[in-house]
Amino acid sequence: MVERSKVRVVIAKPGLDGHDRGAKVVARALRDAGFEVIYTGIRQTPEQIVETVIQEDAAVLGISILSGAHMVLIPKILKLLEERGLKINEDVVVFAGGIIPPDDAEELKKMGVAEVFGPGTPLNKVIEFIDESVKNLKRFKEET
């Protein structure tokens with residue numbers, strides 16, 4: 001297992017959605033589990049989120065979205081990450097959480113989102129997901 005303190009996780013709230021309780025709960029749980037967590041705050045643009053991932057050299061990006069704009073904002077974030085030279089699931093793992101219908105969740109996974117967590121997901125499931133996912137990133141391959 002990759003040492004959690006070496007894993008930087010950005011938790012981001014894109015768009016106009018101002019509801020951030022879930023994002024803060026996940027951020028705190030990840031921090032308490034030993035990950036280094038950067039929370040962007042609310043109402044971030046896709047460009048701001050991608051810039052934060054790059055500046056913080058994050059291994060994981062968690063996108064919290066409740067606004068219904070997930071099929072616009074998340075693909076844009078994925079595209080911007082790749083335009084900036086980051087390969088999804090090789091350089092950075094992307095997961096999403098919030099109110100995302102199952103059909104949309106499947107479509108997002110086809111685009112590269114590693115997992116979509118809905119309301120009520122136990123926090124240990126998110127932690128386990130990150131532990132498993134980061135082992136496959138280029139930067140941590142030598143350690144596993």
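Reader: How far apart do the end C-alpha atoms of residues 6-137 lie, and what percentage of the span is helix and what percentage strand? Please then examine helix 1 (residues 21-32) closely.

Author: The model is predicted, so local features need pLDDT of at least 70 and side-chain atom pairs pLDDT 80 or more, whereas totals for chains, interfaces and linings use all residues. Residues are numbered from 1 along each chain as its sequence is written, and side-chain values use heavy atoms, without hydrogens or water.

The end C-alpha atoms of residues 6-137 lie 13 Å apart, and the span is 44% helix and 18% strand; helices (H or I, at least four residues) and strands (E, at least two) are DSSP runs, numbered from the N terminus. An unreviewed UniProt entry lists these residues as "domain: B12-binding"; such annotations may be inferred rather than shown by experiment.

Helix 1 comprises twelve residues and reaches 16 Å from its first C-alpha to its last, close to the 16 Å expected at 1.5 Å a residue (1.5 Å times one less than the number of residues). Its buried residues (under 20% relative accessible area, 1.4 Å probe, protein chains only) are Ala23, Val26, Ala27, Ala29 and Leu30. Viewed down the helix axis, they fall within an arc of 165°, so they line one face; the arc is that of the directions from the axis to the C-beta atoms. These buried residues pack against strand 1, strand 2, strand 3 and helix 5, contact meaning heavy atoms within 4.5 Å. On the other side of helix 1, Arg21, Arg28 and Asp32 are exposed (over 50%). Just after helix 1, glycine 34 adopts a positive phi of about 110°.
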